[in-house]
Amino acid sequence: MDSVLRALAMYLALMVLFKIAGRRSLAELTTFDFVLLMIIGEATQQALLGDDFSLTNAFLVIITLIAIDVGFSLLKQRSSWISRLIDGEPTIIVENGKLLHRRLRHARLVEADVMEAARSSQGIETIEQIKFAIIERNGKISVIRQDPEGG
Amino acid sequence: MKDETDHPDLHSRQFPVQEDMAFQLKVWRFEHIGWYLLVLCMLLGLLGLFSRGVLSSQDARSDDGKLQVEYEMFHRNGSTNPLKLSVHATPEATVELDIGGELLDGFSIETMQPAPVRMRSSAQGMRLWLQADAQGQATLYLTLRGDGLGLFRSRIRAPGSSEVRFTQFIYP
């Protein structure tokens with residue numbers, strides 16, 4: 001019984017924690033983020049398994065985690081409200097070459113983050129060349145280039 | 001907050017994606033409040049609300065001051081913490097101690113040092129006989145491992161002296 005409860009509690013706790021951390025936190029993995037993720041995994045593993053290293057316990061934990069995950073994806077399919085709650089929504093942060101500063105501040109981003117995404121995905125040099133930059137639901141910044149005749 | 005949402009930067013856009021800024025602002029507020037909660041948890045953790053710290057380490061004495069228990073108020077399931085029992089008695093005598101209440105339900109005693117002269121079960125739990133030294137002091141060190149969950153009320157009694165009651169909480 002306790003392995004199912006452990007997995008359930010850990011899944012929900014991690015979900016809330018990563019919601020608090022925001023979608024950007026681990027979207028662009030730096031080397032340090034990668035190390036951080038591994039440490040989090042290490043700390044989680046102990047709590048998930050307790051002192052029971054049996055196959056049965058491991059199976060139970062994995063089955064529970066996958067079942068919750070599939071359950072949530074089914075729920076998301078049924079209800080757009082839940083889907084929005086869990087996955088969030090895309091947010092525009094650059095509109096026609098202009099940064100939306102208020103939004104950047106709330107999203108804990110700076111111009112350099114936007115320009116980095118613009119350079120790496122579109123080869124864009126200045127902010128004026130960006131038509132739209134959008135924080136996607138997965139935390140990545142996607143950039144749409146300004147049409148040459150329009151900009 | 002009202003003038004904040006009125007700022008044109010924070011109006012919902014319909015193109016290229018459908019936005020709901022009211023919802024997004026709520027998400028950001030949740031992240032913001034959540035951050036404060038995380039810091040609060042961290043501080044409480046440092047203070048010992050989740051075991052081992054100023055808030056957790058407690059000291060209980062019997063009314064006559066002869067019996068003293070140093071214990072951790074907060075435990076975690078599966079982890080071990082010390083408990084120290086000190087009794088003041090007549091020099092070189094054998095002191096009798098009753099450990100009862102829910103202590104033995106919630107915890108398993110991993111170590112007990114020094115070994116008591118005698119030990120037996122009693123109606124309330126466990127009865128120990130300790131050898132006092134030349135000054136009449138007897139001390140017993142226990143290592144407790146939290147096995148249960150929730151609140152456990154325990155009492156330790158030395159016959160002829162008043163008892164010490166203490167409460168411990170085990171986190172999952």
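Which side chains does a polar contact of 3.5 Å join? The side chains of Ser122(B) and Asp98(B) are the pair, a polar contact being two N or O atoms within 3.5 Å, where within protein one must be able to donate a hydrogen and the other to accept it, and residues adjacent in sequence count only if both atoms are side-chain atoms. This is a predicted model, in which local features need pLDDT of at least 70 and side-chain atom pairs count only at pLDDT 80 or more, while totals for chains, interfaces and linings use all residues. Residues are numbered from 1 along each chain as its sequence is written, chains are lettered from A in the order in which they are written, and side-chain values use heavy atoms, with hydrogens and water left out.

**Confidence**

- The predictor gives the complex an ipTM of 0.85 and a pTM of 0.83.
- Chain B has a mean pLDDT of 89, with 98% of its residues at 70 or more; pLDDT is the predictor's confidence in each residue, from 0 to 100.
- Where pLDDT is low, the predicted coordinates should not be read in detail.

- Ser122(B) sits in the loop between β7 (118–121) and β8 (125–131) of chain B; helices (H or I, at least four residues) and strands (E, at least two) are DSSP runs, numbered from the N terminus.
- Ser122(B) counts as buried because its relative accessibility is 15%; buried means under 20% relative accessible area, exposed over 50%, and partly exposed in between (1.4 Å probe, protein chains only).
- Apart from neighbours within four places in sequence, Ser122(B) is in contact (heavy atoms within 4.5 Å) with Asp98(B) and Arg127(B).

**The cavity**

- Rolling a probe the size of a water molecule over the atoms shows where empty space is left.
- The count comes to 1 cavity of 30 Å³ or more. On a 1 Å grid over the protein atoms alone, a cavity is a set of points where a 1.4 Å probe fits but cannot get out, a pocket is an open set with protein on both sides within 12 Å along at least five of seven lines, and lining residues have an atom within 4 Å of a point.
- The largest cavity has a volume of about 40 Å³; grid points are joined across faces, edges and corners, and a volume is the space filled by probe spheres set on the points.
- Asp98(B), the polar partner of Ser122(B), lines the largest cavity along with Ile99(B), Gly100(B), Gln124(B), Arg155(B), Arg157(B) and Glu163(B).
- β5 (94–101) and β10 (150–157) of chain B each supply at least two lining residues, and β5(B) has the largest share, with 3.
- By class this lining has 1 nonpolar, 2 polar and 4 charged residues; Ala, Val, Leu, Ile, Met, Phe, Trp, Tyr, Cys and Pro count as nonpolar, Asp, Glu, Lys and Arg as charged, and the others, Gly among them, as polar.

**The two largest pockets**

- The largest pocket holds about 1800 Å³ of space. It is lined by 40 residues, of which Met10(A), Ala13(A), Ala43(A), Ala47(A) and Pro172(B) are the closest to its centre.
- Two or more residues of that lining come from each of α1 (2–21) and α2 (31–49) of chain A and α2 (21–47) and β9 (137–146) of chain B. α1(A) gives the most, 11 residues.
- The lining of the largest pocket has 23 nonpolar, 9 polar and 8 charged residues.
- The second largest pocket holds about 860 Å³. Among its 31 lining residues, the closest to its centre are Met15(A), Val16(A), Phe18(A), Lys19(A) and Ile86(A).
- At least two residues of this second lining come from each of α1, α2, α3 (55–78) and α4 (80–87) of chain A and α2 of chain B. Here too α1(A) gives the most, with 7 residues.
- The lining of the second largest pocket has 16 nonpolar, 5 polar and 10 charged residues.

**Backbone geometry**

- Most residues other than glycine have a negative phi, and most peptide bonds are trans.
- Phe15(B) and Pro16(B) are joined by a cis peptide bond, with omega about 0°; Pro16(B) is in the loop between α1 (2–6) and α2 of chain B.
- Gln113(B) and Pro114(B) are also joined by a cis peptide bond, with omega about -10°; Pro114(B) is in the loop between β6 (107–113) and β7 of chain B.
- Asn96(A), in the loop between β1 (91–95) and β2 (98–99) of chain A, has a positive phi near 45°. Its relative accessibility is 46%, so Asn96(A) counts as partly exposed.
- Arg108(A), in the loop between α5 (101–106) and α6 (111–122) of chain A, has a positive phi near 55°. Its relative accessibility is 55%, so Arg108(A) counts as exposed.
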